[in-house]
Amino acid sequence: MEMDKVLAQKVVARLHREIPYNINVMNQQGTIIASGEPSRVGQSHPGAIEAIQGQKTNIIEQDQPDGTLRGFNMPIVVQNEVIGVVGITGAPEKLTYIAPLVKVTTELLTEQALADQVLSRTKRRLERFLFDWLAIQDPAALTPDFVQEANALGVNIDEQYQAMVIKTPHLLPETVEVGSYKLRITPDELLILTRQAEVLAHWHQNAKEVQAAVGISQPQKLVSEALKQAREVIKYNQGTNQKLLYYTAEVNYAYRLLSADIVVDEYVEKFRVLAQTDSGQVLITTFQKYFRNNGNIVETAHQLHIHRNTLNYRLGQIKDKLGLDPKRYDELVILYTAFLNYELQ
């Protein structure tokens, strides 16, 4: 373990805000790596070398011919190891009470900085692991090295997790509970992996506060599948104007229809043509409501705030313009498949 220049300069800057004396920090070789007098950086400090060799504070009573100034040079001890020296320049009799405080403060600041570095490295290591985990599409890809890394990080990969995707660029800096994981997977997607319902509820509330779209998967052993489901919920809601939170049979059915390679290109194009006019967009909205209400004329008319005769007229317009009758269930299924392709692909 050794004092690095960046950390040393932070220590010097912090001490200079409180102490009206010059502070130097030297490495294990006795070279000044940070100082309140920048011109001294890079110089060898004999007093520091003596402090390191003697493993104790070196007090210099008078300025020396070699340029060493009077003051205290004190070993920086962290985890029972001397990692450098901190020096304070001035008349020793004036520094008797200040010098020990400088030493203790330096050691505390150094210990905290080193702890932060360890925490930061652990965080980055966990993030790399989570990205690797999300990339796994087959349980057979769980190599012994991957399992060993999971164990080292305390990640239980044998359990099922739910994925929550929050679509927002906001930072949302809160931490998650132990056993749950938070990861920024794209600039506007935040991922929460958890096995705890209360964690999902808490982050759903956070998402509502920033008006973010949210999707939550079913519990999955493969977190890549959980992520896929959570994203599909958001995409489904955006395409169909729904407000689903969880991955349901409805979402699953919609994406199974899309992956079934049913040829509906002709009707998808007709939906696109309809969407180019205000009247066409009204017909698309009418179709959405009609399908969502299982063909219930009364309820659909009520939700659209129109008379049932007006609704029947619009359904007739849909039949004329799309070439399929929404009142026939077999043709309604084709229309819905085309609508999903139009909205979601």
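Two strands pair if DSSP finds at least two bridges between them. Strands (E, at least two residues) and helices (H or I, at least four) are DSSP runs, numbered from the N terminus. This is a predicted model: local features need pLDDT of at least 70, side-chain atom pairs count only at pLDDT 80 or more, and totals for chains, interfaces and linings use all residues. Residues are numbered from 1 along each chain as its sequence is written, and side-chain values use heavy atoms, with hydrogens and water left out.

**Stop 1: the hairpin**

Select residues 23-26 and 32-35. These are β1 and β2, paired in the antiparallel sense over 3 bridges. Pick M26. Now look at the turn. The hairpin has 5 residues between its strands, and G30 there has a positive phi of about 85°.

**Stop 2: the largest pocket**

A pocket is an open set of points on a 1 Å grid over the protein atoms alone, where a 1.4 Å probe fits, with protein on both sides within 12 Å along at least five of seven lines; lining residues have an atom within 4 Å of a point. Its volume is the space filled by probe spheres set on the points, which are joined across faces, edges and corners.

Select K123, L126, E127, V176 and K182. They lie nearest the centre of the largest pocket, which has 24 lining residues. The most come from α4, with 7. The volume is about 700 Å³.

**Stop 3: the second largest pocket**

Select A213, V214, N237, K243 and L244. Of the 13 lining residues, these lie nearest the centre. Show α6 (197-209), β9 (213-216) and α7 as well: each gives two or more residues to this lining. The largest share, 3 residues, is from α7. This pocket holds about 290 Å³.

**Stop 4: the nonpolar core**

A nonpolar core is a set of buried Ala, Val, Leu, Ile, Met, Phe, Trp, Tyr and Cys residues joined through side-chain atoms within 4.5 Å. Buried means under 20% relative accessible area (1.4 Å probe, protein chains only).

Select Y236, F271, F287, Y336 and L340. They have the most contacts inside the largest core, a set of 35 residues. Helices that each supply at least two of its residues include α7 (223-240), α10 (278-292) and α13 (329-344). The biggest contributor is α13, with 8 residues.

Finish on F287. What does F287 touch, not counting residues up to four places away in sequence? The list is F271, I318, L332, L335, Y336 and F339. Contact here means heavy atoms within 4.5 Å.

Key:
Buried < 20%, exposed > 50% of the residue type's maximum accessible area, 1.4 Å probe, protein only.
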